[in-house]
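Colleague: I'm new to this one. Can you walk me through it?
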Amino acid sequence: MKKAKSVNQLTIIARRYPGFVVRCSYGIMVLAFTVLLSWGIFQSYEQQIVQQQQEVYTKGLKIDKFLETTFSNVNLLRSQAEYFLKSTPDVQTELTTYNYTKRLDNNHNLNLIVLKDSNIGAVSPVFTRTKNTNLGHEVEMSLSLTPLLRPIYEQLPIEGRIRYTSFAALTMTYPATSQVTDDEKIKIFKNARNQEIITGGMQKNNPTHETYLTHPYKDIFDQELIVTATSPIYHGDKHLGNIGIDFKLEALNRFVEQLGGEHSLLLTVDGKVLSRHTMKTTSAISLEQLVKNPVVRTTLLKLLKNARNSQVTIDGYVLTYYKLQNVTWGIANVTPVNTLAKNILIKYLPVICGVLIGFTGLLLVSIRTIDKIFKKLDKARIIAEQTNKKLKRALNELEVLALTDKLTGAWNRRHFEQVISAEMSRASRHNQPLSVLILDIDYFKSINDRYGHQVGDAVLVQLTHILKENIRTSDVLTRWGGEEFVILTPFTSVKEATDLAERLRLKIARASFKIVKNITISLGVAQFQTTENVSNFLKRADAALYQAKHSGRNLVAVAPSTLDTWIQGVEKNI
């Protein structure tokens, strides 16, 4: 009855003052529409700003991952080269070969280009061969890298080239470059002396011998612009040359373009643009050619040099910047504010209008109720986002805990079983060597009995630390149980694995442990045979460990191959 009475009263007022009622109604609706439209546009603008920052951050992580993998592969090549130089006798050899080509598979091959002695004087003082230079030894070192070249090359996300350039007038490339004449070879080495791929690895420029990424420079082979992830190779204190992976700037542009972003730039800290949306040129251009506004350009250059992650709005532009890890590159998004506003109108205006019309109708009913509803919804959204973040952090922590040993921090059996199956499959598919080491602390029970389990645990932790420091990052160290550990070594033959085991044995024997002072370990080594499964592979290594224990401990024993074991069985039966 009360509602009917109110409606009747409003009807009477409307009949008496129709123009006034209509104008008030339209005024209220226009005001509500304007306020809500402004609020909606502001929220959309803020959302685009946040989304832009997240997109730049995501792109940065992808490029960081690409560079991290590339640096890891370069370090692997460098480790293999220096290990060969260290472990192989440096026997002087006379070498006058001009060019050596080795076929690795049906599609790609390896080139070794070596200048004759008679041409050395014509190259440059940088490439003068001294009495201490053994070019033949460097050639053998280059060839020792061949098992790694193809798998590393196949991992590259874009077209690249693996290259070793030596001060001794030698260069190795994979895949092979086109054949060149003698005069062109001399010209190649003349041009190489001033390239950053050589000068950046010298002791005076790189005293810590770190892997680094060059600025864009002209390739000595085809004069196209490239960048190189490279690392110096040393034989003792002598810098022999640099091993690295080349990427043409054109290929890098295609890779970055796949990440999208109309206003995104990949550039160096000094303002050289390496890539931008639909960039077709293969030459690096300056920031000044793309960003005409001097205030915006100056601000962006400051961000490039000082900030890691940043977002600022200045002089009608929104600048979003992400500095890549460990390299002097960054990703920047330079977007005009009016472009953002235009995007909002194109993308969100129909939605905003529909929502505003609905809101205006509801506003006539109860604006207070709507306000309460939206406050509750916003509060629920914030709580949900916070809960989601906590759940993600908890899941990440649980995943790490599930794959690592709680005491030592080494990998556990679960992780090892995942990795070894994949490595055995890859070793079989690519015919690559794969070895495993099983080691055990000698008389560990007596340590626990004499000093207690806390001291025993401390010994295990220190042992794990020593093992991690003396293996490659690609090796998988696993605590197998108790005082027993397993080390899986990809791309490693049984001889190389045996050398590693002997080095570890000596390192542990010479180390000083708290309270117990000295301990020793026994090790069993086995190389994977393509006909065996995981169980047989580990059993052979475990049998070798038992042999080392049985032979007096503090020893390294090598498991015979499955073929040798079968032949021995046949001979016994005969």
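Colleague: How many nonpolar, polar and charged residues are in the lining of the largest pocket?
Modeller: The lining has 12 nonpolar, 13 polar and 14 charged residues. Ala, Val, Leu, Ile, Met, Phe, Trp, Tyr, Cys and Pro count as nonpolar, Asp, Glu, Lys and Arg as charged, and the others, Gly among them, as polar.

Colleague: Before we go on, what sort of model is this?
Modeller: It's a predicted model: local features need pLDDT of at least 70, side-chain atom pairs count only at pLDDT 80 or more, and totals for chains, interfaces and linings use all residues. Residues are numbered from 1 along each chain as its sequence is written, and side-chain values use heavy atoms, with hydrogens and water left out.

Colleague: OK, which helix gives the most to that pocket lining?
Modeller: Helix 2, with 14 residues. Helices here are DSSP runs of H or I, at least four residues, and strands are runs of E, at least two, numbered from the N terminus.

Colleague: New topic: which residues of helix 13 are buried?
Modeller: Phe 444, Ile 447 and Asn 448. They span an arc of only 95° around the axis, so they sit on the same side of helix 13. The arc is taken from the directions from the helix axis to the C-beta atoms. Buried means under 20% relative accessible area, exposed over 50%, with partly exposed in between (1.4 Å probe, protein chains only).

Colleague: And what's on the face turned away?
Modeller: Exposed Lys 445, Asp 449 and Arg 450.

Colleague: Why is helix 4 largely enclosed?
Modeller: Because 9 of its 10 residues are buried by the rest of the structure. Among them are His 137 and Glu 138.
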